[in-house]
Amino acid sequence: MHTYQHNIKSCFFLPFLKFFISFRFFTIPTTMENMDLESKSVNTNFALPVDSEHKATEFRIYSVSSPHMRSFHLSWISFFSCFVSTFAAPPLLPIIRDNLDLTSTDIGNAGIAAVSGAVFARIAMGTACDLFGPRLASSALILITAPAVFLTSITNSALSFLLVRFFTGFSLATFVSTQFWMSSMFSANVVGTANGIAGGWGNLGGGATQLIMPLVFSLIHKIGANQFTAWRIAFFIPALFQALTAYAVFFLGQDMPDGDYAKLHKSGEKHKDNMRDVLYHAVTNYRGWILALTYGYCFGVELTVDNIIAQYFFDRFNVNLHTAGIIAASFGLANLFSRPGGGMLSDIMAKRFGMRGRLWVLWIVQTIGGLLCVLLGKVESLSGSIAVMLVFSVFCQAACGLTFGVVPFVSRRSLGIISGMTGGGGNVGAVLTQVIFFRGSKYSTETGITYMGIMIICCTIPILFIYFPQWGGMFYGPSSKGLTEEDYYMKEWNLKEKENGFHQASMKFAGNSRSERGKKVESAPTPIDGTPNI
């Protein structure tokens, strides 16, 4: 345990230094007593032990072995770059505001625009991942949105500033490809950890940019540029970084453990799915809609805070720009451990209590986050506000990791769109929250923060209604009808598709997901012959 804790504290910078060297000191335990023996098969062609789908059953943070750990590092670094770009403007707003003569309404509208563009982009990204694979979908979006970051340097009005923030915000849809990619590479027993760390380290960009942009601005200003020129030049840094990560994902990444989508489709190893069917099975699964709502008030709140927090401390407590940036950065930088911690906690609870444990801990953590948000709006001292904000950030971001500990099990066939719906829900929550509480002068910022906390508590309640017939829900055990994992996932395929063998990947996933029964929770029996009772 001591080694585990030490590695968690030191793992943020080491992947950069060791990107081309594989280390294997950090391993997430993978023993799964209730998994079929065939699910534990190890393929010697992979550096990590894998299950029957060739998904890794271990998570080795210092490794960059292909394809599993290389995909992990490419996904979080590229997502990190998109977060840096999208939230590069807020820490420099006091300067940009004076240069472009922006009003508080202009600033609020630009903040809303930055997160609203990704609402539909995330859903579209989920569809693209299902049909074309995460590598191509992710690299294409990152490269397409990079010019908007470059163009920020020539904005000269409130409208042009709003537009560049809007189009830059589309890049946040790479979150969906990140989560899809991890769910495609890692088995059920470590998927929460992989999703949590990849998403959390990517979200670190929202905190890192609060430090990076003021620092870059100061350096350029000291070299000799006036402040209205310095902030414009500073935007070339995140723009270049984002463009480079797009090429890295495209040339170094791989969609699935067995190869890219195009290769697998051509060889017949992977069925080329029908978009209509994939979409149908996503939108008719109510669990995806509930998770989209609840994610709107953990990740959506995180996006909102990234947009308002620096200016909040600058205006309310009269701190200077650099200090406000450091305080704001501390909120986002908590993603170094908080969101990954949420993913790990989800896997730990699942190992003992199954899916029911994942749901309970998600509801508890997010509700506590809502209470802390209410308190943040009530605290009137600088030190008190910083302390409450830091604790709030941990619970808010851990809830994000916990959410995507559940998402991979909602649907096997429509995983991409379910991930997109959930991710899009995060942006919808951010948009609604900013429109209602932080646009214009109807509410003071501190009052808006308090009301936002109440919204978190209320919108977390629907988690109580999520129920999986094979595993149960928060208050009820599995169905008395004896439905199995195979029964649940086979419902997404019709008889003709089964006759053609298109459902085989779902069958393998069903077998590997039996770990969600847990040790302490009674679950559906496994059919003797391993086939669903349909």
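Predicted model: local features only at pLDDT ≥ 70, side-chain atom pairs only at ≥ 80, totals over all residues.
Counting ring pairs gives 38 aromatic pairs in this model; rings of Phe, Tyr and Trp (its six-membered ring) pair if their centres lie within 6.5 Å, with planes under 30 degrees apart called stacked, over 60 edge-to-face and the rest tilted.

Residues are numbered from 1 along each chain as its sequence is written, and side-chain values use heavy atoms, leaving out hydrogens and water.

Back to the pair. Phe250 is partly exposed, at 35% relative accessible area, while Phe251 is exposed, at 59%. (Buried means under 20% relative accessible area, exposed over 50%, partly exposed in between, with a 1.4 Å probe and protein chains only.)

Next, show Phe59, Phe72, Trp76, Phe80, Phe186, Trp201 and Phe241: ring pairs link them into a cluster.

Time to jump to Thr450, in helix H20 (residues 445-460). Helices (H or I, at least four residues) and strands (E, at least two) are DSSP runs, numbered from the N terminus. Is Thr450 buried or exposed? Thr450 is buried, with 7% relative accessibility. Setting aside residues up to four places away in sequence, Thr450 touches Cys373, Val374, Gly377 and Lys378; contact here means heavy atoms within 4.5 Å.

Last stop: Asp258, in the loop between helix H11 (236-252) and helix H12 (261-267). Asp258 is partly exposed, at 33% relative accessible area. Which residues is Asp258 in contact with, leaving aside neighbours within four places in sequence? They are Phe46, Glu53, His54, Lys263 and Leu264.

Zoom in on His54. Asp258 and His54 are 204 residues apart in sequence, yet 7.4 Å apart in space, C-alpha to C-alpha. Their side chains are joined by a polar contact of 2.6 Å (a pair of N or O atoms within 3.5 Å; within protein, one must be able to donate a hydrogen and the other to accept it, and residues adjacent in sequence count only if both atoms are side-chain atoms).
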